[in-house]
Structures are given as C-alpha cells and as structure tokens.
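Please open the model in your viewer and keep the selection panel at hand. The tour moves from one selection to the next and describes what is found at each.

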Amino acid sequence: MADEYNPLSRYQRLRAIDAEFYHRCYYCGDIANTEDYIPPLARARTPGSYPNAQFFISPSCSECKTLGGINPHVSIEQRAKYIRQALKKKYAATYKKTMLWSREEVETMIADDGMTNITRSLKAVIDMEEDLHGRLHFTGFPLEVNGSRYYNPAESPGDITVFGQRFSSRKLALHSLAQQYSCKVEKLLSLVEDYKGDFEAAVQDLLKQQQQSIQQRQIRQQAEHLHQRYNQPTQWLQRSLSSLWQQHPEHSIEQISQQLVERYINR
Ligand SMILES: [Zn+2]
C-alpha cells in the first residue's frame, strides 16, 4: 500500500539570518505570530501539484497571511509583492489622513501647549503613521533555507523623485514641497490626489494656479488705477484687461493697460 501523501513534506522552512529579524513577518516586519505557506497549503493537497513552485514556509504575521489568502502564488517574491499591495490598499485611507501632520509640527504643539487631549491624539496619529509607514514600505530581510542564503529584497516603494529632488517618503515629499512652493499641505495633497499620485504634475498645476492668482491680483490693481484716472467702470476695466491679456500673454500688465487706454479710452 502506498504511503499517504503528506503535502507538508514538500515545504522547507525559511529562517531569518540576522538576529534583528528573528520572529518578524517577512512581508511587513511586524511580529511574526504564525507561518505562511507558499503556495498556500490548501492548494497543495494533490501530489505533483505546482511543479514549479518553491514550497517555502515563511515567518508571517496573521494579518499578512490572511491577506495573501489562498491565492496560488508560486514564489515568495510573488506572494510578498501581492501581500504588500494588499496591505497598502487596506490602509490607504488611514495612511492618507496621517499625511497632513509632521512630527515636528506635533512636537512644537506639545512644547507650546503641553499634553492636551488634542496633542495626545495627534501624537498617537504620528506614531501610528510611522509604524504603518514602516510596514507598508518593508522590503523583507535575508533568509536561509537548509543552510543556503536566500534573499531577494523588494525595491523600496517609499523613495520618490520630484524634479530631481529625492525624498525617502511621499509624506516627506509632500511637506517639503508644500514649504518650497509656499502652499498648504492640504492643498498640495489634494492636487497630488487629482493627478493620481503624480507629484510633478501636481506641482506644475500649483505653479500655474499661483501664476494665475498673481495675474488676477495685477488685473484688479491695474483696473482700480485706471478707474481712478479715467473714471471708467472697474468691472469693465477688469474684464477688458483680462481679455486683452489672454490675447497677448507675453506682455506685461503695464503694456496691456496702455493698449486698453489707446484702443478704447483715448480714442
Ligand atoms: Zn505581516
């Protein structure tokens, strides 16, 4: 009689090489309280199934294991990539909320106001964000199986380059760019969302908006000036300046104003 097939016999256990990673989840770096099977055990019940799979058992937290589920992953890289995406999706809304505050701002508030209910909960949000950031951007650690080293680090998705400036996280990019371009963090964040995460497109749009608001202000000031001088209705002056400027965006407001006066006022 043939021995009963035991799917467990096909798997090999991966272990962290460096002590700092003992008992940590390979996918997110949290405490590993379980083990994950690649491919999932439920999928390996038939002898000879998944001939090209690695059959590894990896240290995992139960959340990551659940997110990986019974998807038929055949390598630890494939599964790690899938689980990290799923983690990001799951926490996207929470993570977004924590983007608005920087640790420095919260620490300044605590220094000024002491520990109030508000500063305490803001600090909790910042702590949570850093913890979450660490998990969402974890890239794995060196493993060994049967004495041989096994490591294929994931690329860190945290790094981001905007117009040649490199930032180690999206949050740092957000706060630093908001400061550079003198705009509110909320404003830049909402533009980044409009452009599906494209920081460069968001900054370009912001610059365009800032340029337009400077032009609007110049038009209002110039219209007021012409109103004082020629006693024409301000509304009409604003509209005319604006439409002339649209036709000749290369001119300065003074040149536009002069054209208006020559064409319509001092005829
Ligand atoms: Zn995990």
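Is histidine 133 buried, exposed or partly exposed? Histidine 133 is partly exposed, because 18 other C-beta atoms lie within 10 Å; a residue is buried with 20 or more other C-beta atoms within 10 Å of its own, exposed with 12 or fewer, and partly exposed in between, C-beta atoms being placed from the backbone.

Before continuing, please note that residues are numbered from 1 along each chain as its sequence is written. This is a predicted model, in which local features need pLDDT of at least 70 and side-chain atom pairs count only at pLDDT 80 or more, while totals for chains, interfaces and linings use all residues.

**Stop 1: around histidine 133**

Select residues 117-136, helix α4, where histidine 133 has its place. Helices (H or I, at least four residues) and strands (E, at least two) are DSSP runs, numbered from the N terminus.

**Stop 2: α3 against α4**

Axes are lines fitted to C-alpha atoms, for helices over the stretch in contact, and angles run from 0 to 180 degrees between N-to-C directions. Show Arg103, Val106, Met109, Ile110 and Asp113 of α3, which meet Thr119, Leu122, Lys123 and Ile126 of α4; contact requires C-beta atoms, placed from the backbone, within 7 Å.

**Stop 3: α7 against α8**

Select helix α7 (residues 199-230) and helix α8 (residues 234-247), whose axes come within 9 Å and cross at roughly 130°. This makes α7 oblique to α8. On the α7 side, the contact includes Ile219, Ala223 and Leu226; on the α8 side, Leu237 and Leu241 are among the residues involved.

**Stop 4: the two sides of α9**

Finally, select helix α9, residues 253-265, and colour its buried residues, Ile256, Ser257 and Leu260. Seen down the axis of α9, they fall within an arc of 100°, so they line one face of the helix; the arc is that of the directions from the helix axis to the C-beta atoms. These buried residues pack against α7 and α8. On the other side of α9, Glu254, Gln258 and Glu262 are exposed.

Note on methods. Parallel < 35°, antiparallel > 145°, perpendicular 65-115°, else oblique. Contact = placed C-beta atoms within 7 Å.
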